[in-house]
Amino acid sequence: MKRILLATLIPFLAACGSGKKGETVRLSPIIEKALNDESSRFYADFSKFPAEKRNLPIGVFDSGTGGLTVLEVMLTIDQIDNITGKPGSDGIPDFAGENFTFMGDMANMPYGNYAAENKNEFFKELVVKDALFLLGNKYWLSAIDKEAGGVKEPSKIIVIACNTATAWGLKSIDTLLAKSNTGVKVIGVINAGVNALFRALENGPAEDSVAVGVLATVGTIASDAYSRTIKEVKAKLGYPGEIRVVNHACAGFAESVDMEKDFNDPSATAPRESYRGPEIGKTENDINLELLRLYNFCFENNALLVGTKDGKITEMQLNSAANYARFHLVNLLEKHRKSGSTVPLQHIILGCTHYPFLLDTLKTALQELRDYKVNGQAIYRELVSDSLTFIDPAVFTAIECYNTLRADNNLALRTEDGKVDAYISVPAYGLDADKLDGNGNLSYAYKYGRGAGTEELSTLFVPLSGRYITKENMERLQALVPNSYRKITENGN
């Protein structure tokens, strides 16, 4: 089979969000306000944006803390010679000396639900507001402040470390930046994930047909972004083989990683009414009691909440990120098996930056499924390649960011160690009680009932710290993204 040329890939992907030259682009209300409406709280005076950008921080944002998996890679990656700019390790981190600003929009997550609630326009506006925060120089010192009293630096490049935000908001941010005349560019993880896929296909065995799984949020799958981008890049590169994409929407997976209580509540000991994750049902996205042996759920520490009546299971709620990982991996493989395809899965793209936190669980569960037998037959053995790899887009996101900064002559090239400023969103002080739930978070009805185009300020960006994130979540970050955690806490958070 003809090999593909990855040298042509990055320039193509970097241009995917841009409009054609001379094309008239209709600006959304939030972009109009940011560019032209000086009376709006969302107005950004880009005429004052620093002309010299080298020493400004790299901005990274996500719907929650999952985007720290991308930041962690950026803090440690060494795949480029810093002197020549060519591929190859030189013993020095590629982003040595760079400062970062990270933002997790936790008050407005889960992002994947906006599409399901027909709030696509509001969601696109929300993503633009994330970008405006990174481009601005203000933040709130605490959740009870009425004004943004903190001062920060604007970002010289924006990395969307969220697949759902990339799928629905990349073009909007690209349009905003093009009109801002700041020279700031935006990188999205979906294009980087596809980049990584084609690199894996180039380095793997030559096949006439391959199957690729995509695990992503409901919103990302609804956008069809991965299938569409794979098709576009395949055509651009002239890749000759057939690529079968098996998409699976992982309801609640990302939220469980961020320990959103409607999806993962460590204090719960029995099924609860507020639960919004998968339940027992009959569709391919429901819990199927006939597949319990395949799920191989963990029951310890209330990781699975079960209700019974007359000795029969009547309710089942997932209550740990590991059980969400197992459940959705089984559903992906079941979807592939039921399709009738005999092409084995070669790769599974982790289409959400939260999912790499559970990579070890996914690998363990995959091996269990390979070995699982029915009447002596391993029912998945032929449908899962022995060399299957999980693709984490973070590495290619980092490489694309580095190459973009280098091409624009915007690398800091400092010798001292860089810092990380981190922020999360919280409900704005003074919101009516009926807009909040019992935990003080935005209620589901209010969160997904908001409309685009208002001046209402429902959330604030404050420093990420144990003041606003649970002890369990902070301990998880310390264990799973130690470099990010160290730099964030070193900075006083």
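Predicted model: local features only at pLDDT ≥ 70, side-chain atom pairs only at ≥ 80, totals over all residues.
Residues are numbered from 1 along each chain as its sequence is written, and side-chain values use heavy atoms, with hydrogens and water left out.

**View 1. Helix H7 crosses helix H14.** Helices (H or I, at least four residues) and strands (E, at least two) are DSSP runs, numbered from the N terminus. H7 (residues 189-203) and H14 (residues 394-407) pack at about 110°, with axes 8 Å apart. Axes are lines fitted to C-alpha atoms, for helices over the stretch in contact, and angles run from 0 to 180 degrees between N-to-C directions. H7 and H14 are therefore roughly perpendicular. Val189, Ala192, Asn195, Ala196 and Arg199 of H7 meet Phe396, Thr397 and Glu400 of H14; contact means heavy atoms within 4.5 Å.

**View 2. Helix H2 packs with helix H5.** The angle between H2 (residues 29-36) and H5 (residues 120-135) is about 25°, and their axes are 9 Å apart. That makes the two helices, H2 and H5, roughly parallel. From H2, Ile30, Ile31 and Ala34 meet Glu125, Val128, Lys129 and Leu132 of H5.

**View 3. Leu333 sits in the largest nonpolar core.** A nonpolar core is a set of buried Ala, Val, Leu, Ile, Met, Phe, Trp, Tyr and Cys residues joined through side-chain atoms within 4.5 Å. Buried means under 20% relative accessible area, exposed over 50%, partly exposed in between (1.4 Å probe, protein chains only). The largest core has 87 residues, and Leu333 is among those with the most contacts inside it. Helix H12 (residues 321-338) gives the largest share, eight residues. Leu333 touches Leu345, Leu366, Leu369, Tyr380 and Val384, not counting residues up to four places away in sequence.

**View 4. Four strands form an open sheet.** The order is E8-E7-E11-E14, with parallel pairing. Two strands pair if DSSP finds at least two bridges between them. E8 (242-249) and E14 (384-391) stand at the edges with a single partner strand each, so one side of each has no neighbour in the sheet. The twist averages 20° from one strand to the next. E7 (residues 209-216) and E8 pair over eight bridges. Leu215 stands opposite His248 in E8.

Conventions: Parallel < 35°, antiparallel > 145°, perpendicular 65-115°, else oblique.
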